[in-house]
Amino acid sequence: MGTPVLLLADEDRAVLEALTADLGRRFGIDYQIRAEGSAAAALTTLRQLAARSQPVALVVAGQPMTQMGGVDLLVAAHELHPAAKRVLLVGRGDYTAAHPAVRAMTLGQIDYHLFTPWQPAERWLYPPVSEFLASWSKTQEPSFVAIRIVGRQWEPRSHQLRDTLTRVAMPYRFYAHDSEAGHRILEEAGQDGSRLPVVVFRTGQVLVDPSHAELSEFLGARTRPEPATYDVAIVGAGPAGLAAAVSAASEGLRTLVVEPEVFGGQAGTSSLIRNYPGFPHGISGDDLAFRTFEQAWLFGTGFVFAQAVTGLTAHGSERLLRLSDGRQVAARAVILAPGVSWRRLRVPSLEALAGAGVFYGAAGSEARAMQGQQVFVVGAGNSAGQAALHLAEHAGSVTVLVRGDALGTTMSDYLVKKIHATPNISVRLRTEVIDGQGSGCLERLTLRDGRNGVTQTVAAAGLFVLIGGEPHTQWLRDTVRSDQHGYLLTGRDLLGAGGLPTGWPLARPPLFLETSLPGVFAAGDVRHRSIKRVASAVGEGAIAVQLVHEYLAEQAS
Ligand SMILES: Cc1cc2nc3c(=O)[nH]c(=O)nc-3n(C[C@H](O)[C@H](O)[C@H](O)COP(=O)(O)OP(=O)(O)OC[C@H]3O[C@@H](n4cnc5c(N)ncnc54)[C@H](O)[C@@H]3O)c2cc1C
């Protein structure tokens with residue numbers, strides 16, 4: 001593998017020379033800058049680079065070019081270098097829907113655009129290009145490794161560790177226990193491999209099959225709350241909980257967030273969120289989560305990880321949360337944002353392979369392990385669409401299995417178009433997974449055609465199940481009211497025909513996001529009739545804090 005390449009193609013000589021010079025000044029040490037004056041010459045260079053396995057990080061193409069349009073060149077570049085980020089160079093000022101960049105983004109033919117002229121480069125060229133390169137580098141083996149894991153590739157615990165470290169952006173490398181490097185690392189760590197996985201930190205510390213709490217503590221996270229009464233305790237660090245924390249802490253409330261896993265919730269598992277305002281090319285869920293987590297932390301939010309909230313009671317004006325280790329947290333108000341988790345397939349043979357080729361959710365940490373493999377995605381929602389597109393960057397083929405007879409009824413149009421435009425993705429409608437087999441990891445799936453009942457067994461290395469959610473509210477059933485599916489009722493939805501809800505102790509009705517227990521609010525996906533989107537969850541988190549203020553002021557008066 002040679003130095004990664006930034007390939008620039010434009011027929012406008014002046015633009016090409018200026019771009020080469022500007023990018024060379026900033027990125028020339030770490031990347032080789034190659035400039036080509038035509039699409040044909042660029043394609044020849046891309047083929048030569050692919051033949052000698054030299055990585056291409058970025059391809060920038062001018063629009064238009066005569067022999068082949070910039071978009072067509074970027075499509076061809078993707079086939080030769082699937083990891084390379086594709087950038088279309090466009091003139092400023094044309095913000096019409098007919099602009100080629102709009103269609104190309106919709107179809108997933110380009111990843112980004114850059115405006116020309118781009119001066120001052122410090123503002124318009126270097127920051128976006130650094131962002132593109134950061135995104136490309138996430139698809140590569142990290143050059144700096146903070147943690148090495150030795151384990152069985154398809155053991156569920158190995159998968160959980162990889163998933164956690166990916167989501168907290170901790171650079172790690174995984175080694176199979178029976179590989180040469182795996183043996184060497186175990187020996188250096190003084191381990192005989194009888195207990196796996198083994199986690200070796202750069203500092204030399206070693207953890208053998210650590211619990212999530214142990215790992216979290218080693219990564220510097222708190223797993224116990226301080227003995228104090230908080231103004232507001234937030235249950236869950238998904239988008240709703242994190243946004244609530246940013247608002248609450250920034251407005252001077254003493255704030256605690258409790259999260260059993262990793263910050264980010266479902267959004268943290270998404271490879272690319274394209275509809276969150278402010279990120280025109282999209283942002284990965286783990287990036288968005290990490291930024292919001294840091295923002296909440298910098299405003300003074302306290303976080304407790306590796307603990308679930310298992311109970312909620314009212315004690316006078318205090319709301320008491322019981323944590324999974326038995327500790328208790330007291331708060332003057334509570335925001336419930338525990339979201340939803342993936343509905344299971346309930347096929348016993350596939351349950352037995354969970355984490356060993358069968359994954360619930362997008363499992364971004366496993367995408368690279370699917371290199372060249374035959375992979376299946378179950379689901380017809382946006383999350384399934386995104387997972388399919390992300391997996392297609394690595395897998396040989398991706399088949400989306402849909403129980404219904406169309407994709408477009410539940411998936412956004414831009415994702416449907418992108419899926420149809422991606423050559424290694426196919427869609428099988430009216431198809432269900434009914435069985436799976438494999439020794440140690442998934443090897444085969446049995447599919448049933450819903451139209452005629454015919455079954456077929458196919459080779460499969462990965463099954464990613466994204467078929468909607470079930471709310472995390474079992475522990476709340478005796479405390480706050482929910483609908484028949486377990487989603488929490490709030491505000492107007494609590495009002496019966498006779499006005500105030502039964503047992504409601506106050507003269508006023510519940511506030512907009514208030515549950516049937518005064519001072520306890522619900523935000524995000526967990527709420528009855530919520531809109532299952534990141535922006536909506538974030539909005540509700542921020543609104544819930546305003547209602548907490550209202551409630552606390554009422555208590556003080
Ligand atoms: C793969 C994927 C892709 C998606 N892509 C998009 C997209 O592109 N655009 C978009 O708008 N939306 C997208 N969504 C939907 C979006 O992610 C959700 O609507 C959003 O995450 C909901 O946020 P939330 O905070 O309400 O809940 P969640 O994200 O579900 O977070 C809830 C958090 O609470 C924690 N928790 C659960 N139980 C407890 C407990 N007892 N105690 C403490 N904490 C608890 C969970 O561990 C979790 O971290 C996607 C979802 C998925 C899964």
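How do the residues of the lining of the second largest pocket divide into nonpolar, polar and charged? They divide into 11 nonpolar, 6 polar and 3 charged, where Ala, Val, Leu, Ile, Met, Phe, Trp, Tyr, Cys and Pro count as nonpolar, Asp, Glu, Lys and Arg as charged, and the others, Gly among them, as polar.

This is a predicted model, in which local features need pLDDT of at least 70 and side-chain atom pairs count only at pLDDT 80 or more, while totals for chains, interfaces and linings use all residues. Residues are numbered from 1 along each chain as its sequence is written, and side-chain values use heavy atoms, with hydrogens and water left out.

**Pocket and cavity**

The second largest pocket holds about 480 Å³ of space, and of the 20 residues that line this pocket, G220, A221, F263, F293 and F305 are the closest to its centre. Two or more lining residues come from each of α9 (212-218), α11 (285-298) and β12 (302-305), and α11 gives the most, with 4 residues. Helices (H or I, at least four residues) and strands (E, at least two) are DSSP runs, numbered from the N terminus.

A search of the whole structure finds 1 cavity of 30 Å³ or more, and its lining consists of H78, P82, A83, A84, K85, R86, D111 and E393. On a 1 Å grid over the protein atoms alone, a cavity is a set of points where a 1.4 Å probe fits but cannot get out, and a pocket is an open set with protein on both sides within 12 Å along at least five of seven lines; lining residues have an atom within 4 Å of a point. Grid points are joined across faces, edges and corners, and a volume is the space filled by probe spheres set on the points.

The contact between α10 and α15 (heavy atoms within 4.5 Å) is made by P239, A240, A243, A244, S247 and A248 of α10 and V534, A537, V538, G541, A542 and V545 of α15. By class, this contact has 10 nonpolar, 2 polar and no charged residues.

**Sheet**

Three strands form an open antiparallel sheet in the order β21-β22-β23, where two strands pair if DSSP finds at least two bridges between them. Because β21 (431-437) and β23 (455-459) stand at the edges, each with a single partner strand, one side of each is left without a neighbour in the sheet. β21 and β22 (residues 444-449) pair over 6 bridges, and R448 in β22 is the bridge partner of E432.
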